[in-house]
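Subject: Structure for you to look at

Hello,

Please find the structure below. Have a look at the sequence and the model first, then read the notes.

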Amino acid sequence: MASTGGGRSLSAFALRALPRTRFSGEDEGMKTPFAAEDPRPHLLDLQPAELRQWLSQVGQPSFRCTQILSWVMQRRVASFADMSDLPKKLREQLEAHFRLWTTSLAAHQKSEDGTEKLLLQLADGGRIECVLLREEGRRSICVSSQVGCAMGCVFCASGLDGVLRNLTTGEIIEQMLLLARQLEPQERLSHIVVMGMGEPLANIDALLPALEMASRADGLGISPRRITISTVGLPPAMRKLTERNTRYRLAVSLHAPNDELRSELVPVNRSIGLQAILAEADAYFAASGRQLTFEYVLLADINDRAEHAHQLANLLVRREALLNVIPYNPVAGLPYRTPSAANQRTFREILESRGVRVKFRHRKGDAIDAACGQLRRSNRTGVGGP
Ligand code: SAH
């Protein structure tokens, strides 16, 4: 496993934090810890129906749920005590039963291109990163779904230290709220991409309620068409998504047009294979009617040759799909290179000549290591921690 230098190992820190936690709930073999010293659940780990149920148990009408969500999701108050139109007793009961904010800001970086990156410290010491991107007319946030990543894509920083655990629904929503808070009053959040650290479909049970809250009118009010889940391509989880919710856009990280190369770049592919992934992507398209996106990190001399572009065109040309090419964003310590502008152009021209819809993703935030594939569990300056 590559080390990117900078001294202290955050994975050792994270592992030391583990004995302080107990485990509850399992998804795709991952465990979700809660801080043992504070047994109160995160308010945002409850779905609205569960909150209404709790309210009825304490003798409160269900409209209190709308009030509480509005205080959290729209006004983003710091504490239950600030929810001034709730009865004082209810505020105290909420405080006794639930936690409201469980993450703290460990670092905040701003880039000249308007990109902002937050390093968040979770209640159990784990760390994640998430990003706000500013583009013409768009304000997008990129959120993480796990602490680290288990997929091991060879060109990505997020998996360099492996995976520690899944994020809870509340922790995923908290990222959205903390990023939305960075917007100026005249700016409006428009898009959400689950393309931060981790494999979202390996944490689908926590992710879907978080996206549901993001899209509700009394949540963040983001249209599901403007919410994208990006996956490395896990067929059983893709099928689960097709069965459970087809409102979101699905992006599949392809990175290679044949299994031999893909298995080198994306090791989980060895036991999966492109055909199984494409079949599930087609099933999602058939059920959702949403155009698919395929992502392709372009690596100099590895997957950027003319033959690769032709093979990729063979795979995509008959599909209702957009190909998102991401010229490699450098990760310290990794040996890959970004293709030259001329090679990028040739790759694009071949695909376009074959009738594939192609977009090159404009690099954003790389000055602060906030671009695709540069998010990690630690930051090298080591804010906080032992
Ligand atoms: N696990 C999910 C989501 C996280 S990665 C997935 O694999 O899709 C989000 C996107 O960034 C993926 O397409 C990923 O392959 C890409 N990416 C990873 N490392 C990169 C790098 N160094 N340069 C450019 N893009 C990268």
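Predicted model: local features only at pLDDT ≥ 70, side-chain atom pairs only at ≥ 80, totals over all residues.

Residues are numbered from 1 along each chain as its sequence is written.

Overall

The protein has eleven helices and 14 strands. Helices (H or I, at least four residues) and strands (E, at least two) are DSSP runs, numbered from the N terminus. Of the 386 residues, 45% are buried. A residue is buried if 20 or more other C-beta atoms lie within 10 Å of its own, exposed if 12 or fewer, and partly exposed in between, with C-beta atoms placed from the backbone. Among contacts between residues at least 6 apart in sequence, 69% join residues at least 24 apart. Here two residues are in contact if their C-beta atoms, placed from the backbone, lie within 7 Å.

The sheet

Strands of a sheet pair through backbone hydrogen bonds, either parallel or antiparallel. In this model ten strands form an open sheet with mixed pairing, in the order β3-β4-β5-β6-β9-β10-β11-β12-β13-β14. Two strands pair if DSSP finds at least two bridges between them. The edges are β3 (104–110) and β14 (357–360); each has a single partner strand, so one side of each is left without a neighbour in the sheet. On average, neighbouring strands are turned by 20° against each other, direction ignored. Axes are lines fitted to C-alpha atoms, for helices over the stretch in contact, and angles run from 0 to 180 degrees between N-to-C directions.

Now follow part of the sheet strand by strand.

- β6 (residues 138–142) and β9 (residues 191–194) are parallel, with three bridges; Cys-142 stands opposite Val-193 in β9.
- β9 and β10 are also a parallel pair with three bridges, and Val-193 has Thr-228 as its bridge partner in β10. Right-handed means that, with the strands pointing away from the viewer, the path from the first strand over the helix to the second runs clockwise.
- β10 and β11 pair in parallel over four bridges, with Ile-229 opposite Leu-250 in β11. Helix α7 (residues 235–244) carries the chain from β10 to β11, and this crossover is right-handed.
- β11 and β12 run parallel and are joined by three bridges; Val-252 has Phe-294 in β12 as its bridge partner.

Is β11 (residues 249–253) mostly covered or mostly open? Five of its five residues are buried. Arg-249, Ala-251 and Ser-253 point one way, and Leu-250 and Val-252 the other. Helix α9 (residues 274–288) lies across β11 and β12, at about 170° to β11.

Regards
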